[in-house]
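Work through the exercises below with the model in view. Try each task before reading its solution.

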Amino acid sequence: MATDAVSRSGSLAASAGAFVGTFALVLAAIAALFAIDTVLARADRAASRAEGRRLFSEGMRLQAEGDMREALDRLRSAVAAERPNPVYQRGLAAALLAAGRPRDAQTLMAERLQRDPTDAEASLIMARALAREGRTRQAIGLYHRAIFGEWGDGERARRVGARFELLDLLAADHDQEQLLAELLPLQSEAPDDPATRKRIAHLFLAAGSPGRAGAMFRDLVRQDHRDADSYAGLGEAELQQGNYRAARRALTAGLALRPRDERIAARLALVDRVLALDPTQRGIGTSVQYGRSLVLLALTLTAVDSCVGAGRAPPHPALLDSAKASLARPLARGASLDGAVDAQIGLAVRVWQSRPHGCPTPEFARPAELLMGRLPTRIAPYILVCEE
């Protein structure tokens, strides 16, 4: 009995040992297979990454060469080889945008931004795609996400670049209020080199802030007396502020530095026409002021007539008749020239303000248009008396 018990115990121990050995062999086999599978997976991923790099490099090269069809094919294959790679996704989206397919670029970048909402470059590509479709309001929001997103290397320069793109969009959209709001923080963020400061100054002009623009252009002129562009910018800023003599000095200096610049010459000619027309200049004598006020009134009437002749409804016929009668009526003997000057200016301002909505300004009336921006302040009391 004892011998049988010992025998059975030995058999059980042998069986247990065999089981443990077999289990260990199975585990070892599983581990080996897992290790082999891991190695193979790593090799496959490495091969996919290498293929993705090759395809992406080829796609970028083909895009640079102008072969967009083949470039898009390679870039799509690169994304397929390594889908999570944000560089490939952004590269493909940018190429789609360059190929005139903003909607496809938006789809791809929307997927990218779902994965990482802070991806500044993806937001920038999306903003460009929206702007390309004329969806300015939505584009502005994406530009802000780009400006305040995560850029990585070269963050400050790329952030400033995105802000400049937004500013150019707002300037093209003639959104002066928002343009000015975006410009103010840029002054402290942007590099302090002359080219960047000049660009900001021109944007201040577009934003309807000629005082800030003029201050920047004056600093640029002080630093470089040979910079014709800064003199031209300063002249434009002074012109927008109604400082016509200062505008003339700045534009004359710019033209002296660049005599063949037709743009500066044209702005200088415009300033000269304004100065020759302005009836409020001091030191020219009352009789000259009166003669200029008549010319100003005649110009405004002609400008309004050109609008009516283009099919628009005539504005306030009684006012126009009154202005035409005033031009035809000689000055009464003994009448005050000062009062007559104010009367003609007042009529000119009221006629100008009565133009039909959307009436374009003819080139001959540009000096009158510039003067109208400052004349109403001077003769407002007279206008109120007339209207009463």
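**Exercise 1. The largest pocket**

Sort the residues that line the largest pocket into nonpolar, polar and charged.

Solution. 
1. The lining divides into six nonpolar residues, three polar ones and one charged one. Asp, Glu, Lys and Arg count as charged; Ala, Val, Leu, Ile, Met, Phe, Trp, Tyr, Cys and Pro as nonpolar; the others, Gly among them, as polar.
2. The model is predicted: local features need pLDDT of at least 70 and side-chain atom pairs pLDDT 80 or more, while totals for chains, interfaces and linings use all residues. Residues are numbered from 1 along each chain as its sequence is written, and side-chain values use heavy atoms, without hydrogens and water.
3. The lining residues are Tyr-290, Ser-322, Ser-326, Arg-329, Pro-330, Leu-331, Ala-340, Ala-343, Gln-344 and Leu-347. (A pocket is an open set of points on a 1 Å grid where a 1.4 Å probe fits, with protein on both sides within 12 Å along at least five of seven lines; lining residues have an atom within 4 Å of a point.)
4. Two elements each give two or more residues to this lining: helix 15 (317-328) and helix 16 (337-353). (Helices are DSSP runs of H or I with at least four residues, strands are E runs with at least two, and both are numbered from the N terminus.)
5. Helix 16 supplies the largest share, four residues.
6. The space in this pocket is about 160 Å³, counted as the volume filled by probe spheres set on the grid points, which are joined across faces, edges and corners.

**Exercise 2. The whole chain**

How many helices and strands are there, and what percentage of the residues is buried?

Solution. 
1. The protein has 18 helices and zero strands.
2. Of its 388 residues, 39% are buried (under 20% relative accessible area; exposed is over 50%, partly exposed in between, with a 1.4 Å probe and protein chains only).
3. Among contacts with a separation of 6 or more, 56% join residues 24 or more positions apart (contact: heavy atoms within 4.5 Å).

**Exercise 3. Helix 7**

Which residues of helix 7 are buried, and what covers them?

Solution. 
1. Helix 7 covers residues 155-172, and Leu-169 is part of it.
2. Its 18 residues should span 26 Å at 1.5 Å a residue, and the end C-alpha atoms are 26 Å apart, so the two agree. (The expected span is 1.5 Å times one less than the number of residues.)
3. The buried residues are Arg-159, Val-160, Ala-162, Arg-163, Phe-164, Leu-166, Leu-167, Leu-169 and Leu-170.
4. Their cover includes helix 5 (120-132), helix 6 (136-147), helix 8 (176-189) and helix 9 (194-206).
5. Leu-169 has a relative accessible area of 16% and is therefore buried. Beyond four places in sequence, Leu-169 touches Ala-131, Thr-136, Ala-139, Ile-140 and Tyr-143.
6. Arg-163 counts as buried because its relative accessibility is 3%. Leaving aside neighbours within four places, Arg-163 is in contact with Ile-147, Phe-148, Glu-182, Pro-185, Leu-186 and Glu-189.
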